[in-house]
Amino acid sequence: MAKVELVVNGRAVKGEAEDRTLLVHFLRENLGLTGTHVGCDTSQCGTCIVHVDGRAVKSCTMLAAQASGSTVTTIEGLGLNGELHPLQAAFREHHALQCGFCTPGMLMSSADLIRRHPDGLDEATVRLELEGNICRCTGYHNIVKAVLDASEKMGKGAEKAA
Amino acid sequence: MYETQYHRATSVEGAARQMGEAEDGKYLAGGMTLIPTMKQRLASPSDLVDLRRIEALKGVKITGRTVRIGAVTSHYDVSTNVELAKICPAITSLAGHIGDPQVRNMGTIGGSIANNDPAADYPSALLALDATIVTNRRSIAAADYFIGLFETALEPDEIITAVEFTAPDRAAYKKFPNPASLYAMAGVFVAKSGDTVRVAVTGAGENGVFRLEDAETALAADFHASALDNLTVDPNGLLSDLHASAEYRANLVKVMAKRAVAEIASRPM
């Protein structure tokens with residue numbers, strides 16, 4: 001068994017898991033954080049994306065033991081104090097989800113994308129960078145609109161704060 | 001996934017020792033190929049020795065035009081290295097177009113070339129750049145390192161520590177990615193230093209990456225995309241699968257080579 005120690009959404013957690021346990025299963029089954037989904041189980045669909053040490057990774061393609069010692073943010077940790085994160089608000093505003101299954105991964109991937117492009121985003125970049133997230137309902141158009149809108153609002157927010 | 005024992009190495013020596021004690025171990029870097037393969041039960045190593053947290057294997061070091069990339073440096077860290085982009089934008093651009101952003105955050109240069117997938121991007125760069133693969137035992141020229149499909153000159157317990165090369169005068173990489181998997185169906189890296197031109201092809205060869213000597217000769221005489229107009233790429237020895245026939249790949253190789261040269265020409269000197 002592997003000892004797994006993480007800081008998840010700001011909270012220090014400890015647990016034990018088989019060495020082969022994937023991070024996504026540790027989050028869902030040991031910690032009850034079921035917002036992170038398992039979609040394809042073959043590392044292609046992106047519903048399982050979380051942030052590990054500030055970077056988006058597929059939690060179905062990382063062992064919990066590999067992640068031990070890291071800081072993890074899941075979809076449950078994206079909003080603050082019960083408020084929707086600007087990306088979540090934009091997804092709601094632009095109807096960027098239908099069944100919602102891919103949405104946690106889309107949001108975590110998009111949050112990383114916006115962080116990496118503080119000067120703003122264009123449509124082509126958003127489409128290219130969401131390559132690791134598959135959605136079977138929306139046709140992506142509204143997701144792209146929502147990410148662009150959130151990027152703009154978050155950029156302006158950052159200017160105000162500065 | 002079958003059961004396995006996970007070990008986290010903190011030094012290269014420690015990793016080699018842990019591997020020596022394992023019955024049928026494998027080194028783990030970013031895991032972007034190994035873990036999916038284990039999930040499908042196509043691989044079942046008794047032990048995994050994780051190299052990703054070894055500090056000595058991390059980072060890009062540039063001295064003049066000499067570049068050393070630590071083996072566990074992620075594709076993202078290569079793609080965003082500003083100093084490297086100044087002297088060899090072809091390699092930062094290549095790293096920035098591997099897989100998807102999540103793969104680039106975890107995947108490493110050492111892992112990519114240890115696996116030597118015939119459609120991986122890095123092997124073409126290292127062969128065209130005449131790079132040296134440094135391990136915990138020796139230095140291996142890229143030309144001697146890439147042997148065949150998923151086959152390299154590495155011994156089973158040998159660890160890649162870094163990749164070294166001299167930045168070329170000019171270079172570019174162009175690929176035609178499979179739209180679903182994003183793996184190169186043909187990828188061509190062109191590097192020019194002085195009068196020497198090296199052209200390496202990935203994604204297309206039955207035995208993995210190879211040099212395209214006819215293109216090198218033509219470009220050494222006249223470094224313009226039009227110099228490749230009369231190039232004929234032999235489909236014999238090229239991969240043929242449900243995505244593309246050997247003949248189609250042969251044409252893609254020529255087109256990607258021309259695009260790479262055209263990109264070099266379009267950049268300011």
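Colleague: What distance separates the centres of domain 1 of chain B and domain 3 of chain B?

Modeller: This is a predicted model, and the values that follow are computed from it. Chain B is divided into domain 1 (5-50), domain 2 (55-166) and domain 3 (170-266). Taken over C-alpha atoms, the centres of domain 1 of chain B and domain 3 of chain B are separated by 34 Å.

Colleague: Which UniProt annotation covers residues 1-170 of chain B?

Modeller: In the model, the end C-alpha atoms of this span lie 45 Å apart, and the span is 34% helix and 24% strand. The name comes from an unreviewed UniProt entry, where residues 1-170 of chain B carry the annotation "domain: FAD-binding PCMH-type".

Colleague: Within chain B, which residue is the bridge partner of Ile62(B) in β5(B)?

Modeller: Strand β4 (residues 60-63) of chain B pairs with strand β5 (residues 66-70) of chain B in the antiparallel sense, over 4 bridges. The two strands form a hairpin with 2 residues between them, and Gly64(B) in the turn has a positive phi of about 65 degrees. Within this pairing, the bridge partner of Ile62(B) is Val67(B).

Colleague: Which residue in β10(B) stands opposite Ile69(B)?

Modeller: β5(B) also pairs with strand β10 (residues 160-166) of chain B. That pairing is antiparallel and runs over 5 bridges. In β10(B), the residue opposite Ile69(B) is Val163(B).

Colleague: Where is Phe150(B) found, and why does it count as partly exposed?

Modeller: Phe150(B) has a phi near 55 degrees, a positive value in a residue other than glycine. Its place is the loop between β8 (146-148) and β9 (151-152) of chain B. Because 13 other C-beta atoms lie within 10 Å, Phe150(B) is partly exposed.

Colleague: Which residues of helix α10 of chain B are buried?

Modeller: Helix α10 spans residues 213-221 of chain B. The cover over its buried residues includes β13 (196-202), β14 (210-211) and α11 of chain B. The buried residues of α10(B) are Ala215(B), Glu216(B), Ala218(B) and Leu219(B).

Colleague: Turning to chain A, which strand gives the largest share of the side of domain 1 that touches domain 2?

Modeller: Chain A is divided into domain 1 (2-77) and domain 2 (86-161), and their C-alpha centres lie 22 Å apart. In the contact, 15 residues of domain 1 of chain A meet 11 residues of domain 2 of chain A. On the domain 1 side, the elements that give two or more residues are β3 (49-52) and β4 of chain A. The largest share, 3 residues, comes from β3(A).

Colleague: How many residues does β4(A) give to the side of chain A that touches chain B?

Modeller: The contact between the chains takes 22 residues from chain A and 18 residues from chain B. On the chain A side, β4 (55-58), α2 (64-67) and α4 (103-116) each supply at least two residues. By class, this side has 7 nonpolar, 7 polar and 8 charged residues. β4(A) gives the most, with 4 residues.

Colleague: Is Tyr140(A) buried or partly exposed?

Modeller: Tyr140(A) lies in the loop between α5 (123-129) and α6 (141-161) of chain A. Its phi is near 75 degrees, a positive value in a residue other than glycine. Tyr140(A) has 16 C-beta neighbours inside 10 Å and therefore counts as partly exposed.

Colleague: What distance separates the C-alpha atoms of Glu29(A) and Leu113(A)?

Modeller: Glu29(A) is in helix α1 (residues 23-30) of chain A. With 13 other C-beta atoms within 10 Å, Glu29(A) is partly exposed. Glu29(A) and Leu113(A) are 84 residues apart along the chain, and their C-alpha atoms are separated by 28 Å.

Conventions. Residues numbered from 1 in each chain as written. Chains lettered and ligands numbered in written order. Predicted model: local features only at pLDDT ≥ 70, side-chain atom pairs only at ≥ 80, totals over all residues. Contact = placed C-beta atoms within 7 Å. Nonpolar A, V, L, I, M, F, W, Y, C, P; charged D, E, K, R; others polar. Domains from an automatic or database assignment. Pairing = 2+ DSSP bridges. UniProt positions renumbered as here; feature names shortened; annotations may be inferred. Buried ≥ 20, exposed ≤ 12 C-beta atoms within 10 Å, placed from the backbone.
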